[in-house]
Amino acid sequence: MRYSTVLLDFDHTLLDSDASSRAAFHHLMTACGLTDHGQHFAVFEAINMVLWRQVEDHILTPDEVHVSRFELLAPKIESPLSPHQMADIYSEGMGANGELYPGALELLDTLSRRVSLAMVTNGVSAIQRARVARLKLDQYFDAIVISGEVGTAKPGTKIFDITFERMGGPSKADVLMVGDSLSSDIRGGSNYRIDTCWYNPAGGANGSGVAPTHVIEHLQDLSKVVLI
């Protein structure tokens, strides 16, 4: 095997987080008594993207994003609910909705039989834990490290320190970080001096200035990277 330990991102790598977010937002708009034809969701997505970038820059924590995105959204959509109420309803919807990408479960089953797996995700604890429980993913991972729980996020190195400690201190030469985000997953792995694999299903250009060790467009190709 090329790698004995694989660190996997969750959102947009294993999980269809876009579908999860759309369903959760629809759930929220229904609770608000509002009809959304896409314009409210577009505003929310723009706000959300900016705030999660600030998580990567260690300006905000995931728990701060949990509410602050709705503090910014509420006046734009004239919500009758408070930002805290909106955050809780959206979080409930996020945990209850969203499925793994096709082939993700088979990949986890294959890899978990051969290598040690850890999930390393930037996210809100309640949302990620609800998803992991609903999708019954605990059985595949030796460690699940959620930024909202450990107080630090990718691409910083501290979250990797925590992950390596929980994984028993593997050699960096034997570890691969896999994810869809160049700014978070690939830069984070590069910062930690471990090999990286960019999951790039759209075949997009890399303008980040960070060079992944491997690039795949299909999840099933990860087995070839890891095991051959």
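Biologist: Is Cys32 buried or exposed?
Modeller: This is a predicted model, in which local features need pLDDT of at least 70, side-chain atom pairs count only at pLDDT 80 or more, and totals for chains, interfaces and linings use all residues. Residues are numbered from 1 along each chain as its sequence is written, and side-chain values use heavy atoms, leaving out hydrogens and water. Buried means under 20% relative accessible area, exposed over 50%, and partly exposed in between (1.4 Å probe, protein chains only). Cys32 has 7% relative accessibility, so the residue counts as buried.

Biologist: What is the relative accessible area of Cys197, and how many disulfides does the structure hold?
Modeller: Cys197 is buried, because its relative accessible area is 0%. A disulfide needs two cysteine sulfur atoms within 2.5 Å. The number of disulfides in the structure is 0.

Biologist: Which residues have the most contacts inside the largest nonpolar core?
Modeller: Such a core is a set of buried Ala, Val, Leu, Ile, Met, Phe, Trp, Tyr and Cys residues joined through side-chain atoms within 4.5 Å. The largest one has 32 residues. Those with the most contacts in it are Leu8, Phe10, Leu137, Phe141, Leu222 and Val226.

Biologist: Which helices and strands each supply at least two residues of this core?
Modeller: Helices (H or I, at least four residues) and strands (E, at least two) are DSSP runs, numbered from the N terminus. The strands are β1 (5-8), β2 (116-121), β3 (143-146), β4 (175-179) and β5 (195-199). The helices are α5 (104-112) and α10 (222-227).

Biologist: What span does α3 reach, and what span is expected?
Modeller: Helix α3 (residues 62-77) has 16 residues. The expected span is 1.5 Å times one less than the number of residues. From first C-alpha to last, α3 reaches 23 Å, close to the expected 22 Å.

Biologist: Which helices do the buried residues of α3 pack against?
Modeller: Phe70, Leu73 and Ile77 are among the buried residues of α3. Contact means heavy atoms within 4.5 Å. The partners are α1 (17-32), α2 (39-56), α4 (83-96), α6 (125-134) and α7 (147-150).

Biologist: Why do Phe160 and Tyr192 count as a stacked pair?
Modeller: The structure holds 9 aromatic pairs. Rings of Phe, Tyr and Trp (its six-membered ring) pair if their centres lie within 6.5 Å; planes under 30 degrees apart are stacked, over 60 edge-to-face, and the rest tilted. Phe160 and Tyr192 are stacked because their centres are 5.4 Å apart and their planes are at 25°.

Biologist: How many residues apart in sequence are the parts this pair ties together?
Modeller: Both Phe160 and Tyr192 are buried. Phe160 lies in helix α8 (residues 158-166), and Tyr192 in the loop between α9 (182-191) and β5. The pair therefore ties together parts whose separation in sequence is 32 residues.

Biologist: Which residue lies over the face of Tyr192?
Modeller: A charge sits over a ring if NZ of Lys or CZ of Arg is within 6 Å of the ring centre and within 35 degrees of the ring normal. Here the distance from the ring centre is 3.9 Å, and the residue is Lys172.
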